[in-house]
Amino acid sequence: MTSSSTGGSAVAPEDFREILAHTRKFVRTVVVEREREIAEENRMPDNIVEQAKTMGLFGYAIPQEWGGLGLDLAQDVELAMEFGYTTLALRSMFGTNNGIAGQVLVGFGTEDQKSRWLERIASGEVVASFALTESGAGSNPASLQSTAVRSGVDWIINGEKRFITNAPVADLFVAFARTRPADENGAGIAVFLVPADSPGVEVGPKDRKMGQEGAWTAEVRFQDVRVGPEALVGGSEDIGYRAAMTSLARGRIHIAALAVGAAQRALDESVAYAATATQGGTAIGQFQLVQAMIADMQTGVMAGRALVRDAARSWVAGEDRRIAPSVAKLYCTEMAGKVADLAVQVHGGTGYMRDVAVERIYRDVRLLRLYEGTSEIQRLIIGGALVKNAQRGR
Ligand SMILES: Cc1cc2nc3c(=O)[nH]c(=O)nc-3n(C[C@H](O)[C@H](O)[C@H](O)COP(=O)(O)OP(=O)(O)OC[C@H]3O[C@@H](n4cnc5c(N)ncnc54)[C@H](O)[C@@H]3O)c2cc1C
């Protein structure tokens with residue numbers, strides 16, 4: 001893997017401070033103002049998409065040599081906490097380019113594959129989607145059924161993926177398929193770069209989701225899709241499963257940071273509401289039971305933020321790329337769920353009304369406990385790794 005995929009190269013602190021300040025301003029003055037419009041129209045406004053491209057947000061985690069901003073994961077999470085402050089559809093728009101799809105190429109692509117795709121991914125000219133999940137192979141992707149069969153030097157791909165983020169606008173699918181049954185040499189899963197306009201690629205209608213309006217998912221069907229040998233990531237049939245697991249583990253710390261950002265917003269909305277809304281002439285924030293709710297929210301946010309920063313530091317240093325990402329994702333996404341629930345409670349009936357930020361946050365953050373590994377899967381990873389380490393005498 002390259003140093004970037006392992007979190008090795010970082011942007012100079014003074015440059016990063018500027019990127020962070022610029023991003024914070026963009027989120028809080030441009031996107032927050034248009035949250036309701038994004039939710040109502042279920043789409044990101046074109047000028048927000050363009051502004052994100054100009055700011056380099058489609059490639060903040062892509063190395064600079066490929067035209068990205070080149071942030072390491074410790075910097076990435078600071079940005080993600082800012083993105084989480086507004087509709088999660090903002091982050092979703094460029095999340096697959098920087099994260100699960102882009103990192104497969106950064107970490108495992110050949111030089112040819114990187115030079116063919118990464119610059120266009122970093123600029124936002126190409127939207128890349130990560131196509132792993134299938135019916136019956138979500139939490140257990142090792143059981144996926146999509147196939148890639150050799151035909152001369154080419155590969156023929158068949159299979160059906162579901163819930164694929166950005167599929168309706170994707171130019172490139174980073175698609176996982178089985179080249180052989182799992183055996184003692186590995187999972188038998190390879191990963192291919194499949195242009196979305198390849199004959200046989202079919203994207204279904206947009207899914208109707210609980211929240212995160214403006215972020216789109218859909219089913220993707222590959223029917224006798226022929227790709228050349230250059231499409232096989234890393235030029236090896238055995239890279240797929242490892243690439244998926246590495247990309248997902250890195251992504252977990254990013255999702256944890258996003259959860260902290262969303263929880264911070266829910267807290268800020270709640271404190272502002274508690275300070276001004278009254279019952280019987282008394283600000284509800286004067287009631288100690290309301291204070292207790294916002295105290296619990298603040299405590300969760302601070303603990304989550306510290307955990308995210310520690311997990312990201314430990315990833316960059318190469319100290320822990322297994323337990324810490326799952327701990328961070330488990331804690332922070334569960335915390336954001338509780339904080340969002342308390343935020344609705346603090347708002348009373350108002351919190352149940354559409355167009356109130358905490359109602360959107362309540363629905364938006366529910367997804368964070370499901371994708372990139374459910375909370376149950378994070379617990380299995382953490383518990384399993386701890387016991388394994390103990391058995392190895394570590
Ligand atoms: C909006 C959205 C966007 C998504 N984007 C993408 C994407 O871009 N690319 C992609 O490939 N996928 C994507 N996904 C898929 C997502 O990663 C899966 O939905 C998720 O991993 C869960 O898999 P599943 O839906 O098959 O549920 P299941 O795995 O069937 O889980 C159902 C329940 O069973 C539990 N469970 C499953 N296995 C075990 C076990 N071994 N032990 C204990 N409990 C278990 C789960 O924790 C859960 O509670 C997306 C999903 C959504 C909803």
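**Helix packing and the ligand site**

The axes of α8 and α10 come within 8 Å and cross at roughly 20°; axes here are lines fitted to C-alpha atoms, for helices over the stretch in contact, with angles running from 0 to 180 degrees between N-to-C directions. That crossing angle makes α8 roughly parallel to α10, given that angles under 35 degrees count as roughly parallel, over 145 as roughly antiparallel, 65 to 115 as roughly perpendicular and the rest as oblique. Sorted by class, the contact of α8 with α10 has 18 nonpolar, 4 polar and 3 charged residues (nonpolar covers Ala, Val, Leu, Ile, Met, Phe, Trp, Tyr, Cys and Pro; charged covers Asp, Glu, Lys and Arg; the others, Gly among them, are polar). In handedness, α8 passes α10 in a left-handed crossing, the term used if the near helix is turned anticlockwise from the far one by less than a right angle, with right-handed used if clockwise.

A word on the model itself: it is a predicted one, with local features needing pLDDT of at least 70 and side-chain atom pairs counting only at pLDDT 80 or more, while totals for chains, interfaces and linings use all residues. Residues are numbered from 1 along each chain as its sequence is written, and side-chain values use heavy atoms, with hydrogens and water left out.

Helix α10 (residues 323-347) also pairs up with helix α9 (residues 288-316), their axes coming within 9 Å and crossing at roughly 160°. So α9 ends up roughly antiparallel to α10. The class count for α9 with α10 is 21 nonpolar, 4 polar and 1 charged residues. This crossing, of α9 past α10, is left-handed. Helices, for the record, are DSSP runs (H or I, at least four residues), numbered from the N terminus.

Then there is helix α6 (residues 100-108), whose axis comes within 9 Å of that of helix α8 (residues 240-276), crossing at roughly 120°. That makes α6 oblique to α8. The α6 side brings I100, Q103, V104 and F108 to R242, A243, T246, S247, L248 and R250 of α8, contact meaning heavy atoms within 4.5 Å. By class, this α6 contact with α8 has 5 nonpolar, 3 polar and 2 charged residues. Here the crossing of α6 past α8 is right-handed.

As for the ligand, 19 residues sit around it, with F130, T133, S139, T374 and E376 coming nearest (a residue is near if one of its heavy atoms lies within 4 Å). A polar side-chain atom of S139 is 2.6 Å from a ligand oxygen atom, a polar contact being a pair of N or O atoms within 3.5 Å. On the nitrogen side, a polar side-chain atom of T165 lies 2.8 Å from a nitrogen atom of the ligand, and F163 places a backbone N or O atom 2.8 Å from a ligand nitrogen atom.

Conventions. Helices (H or I, at least four residues) and strands (E, at least two) are DSSP runs, numbered from the N terminus. A polar contact is a pair of N or O atoms within 3.5 Å; within protein, one must be able to donate a hydrogen and the other to accept it, and residues adjacent in sequence count only if both atoms are side-chain atoms.
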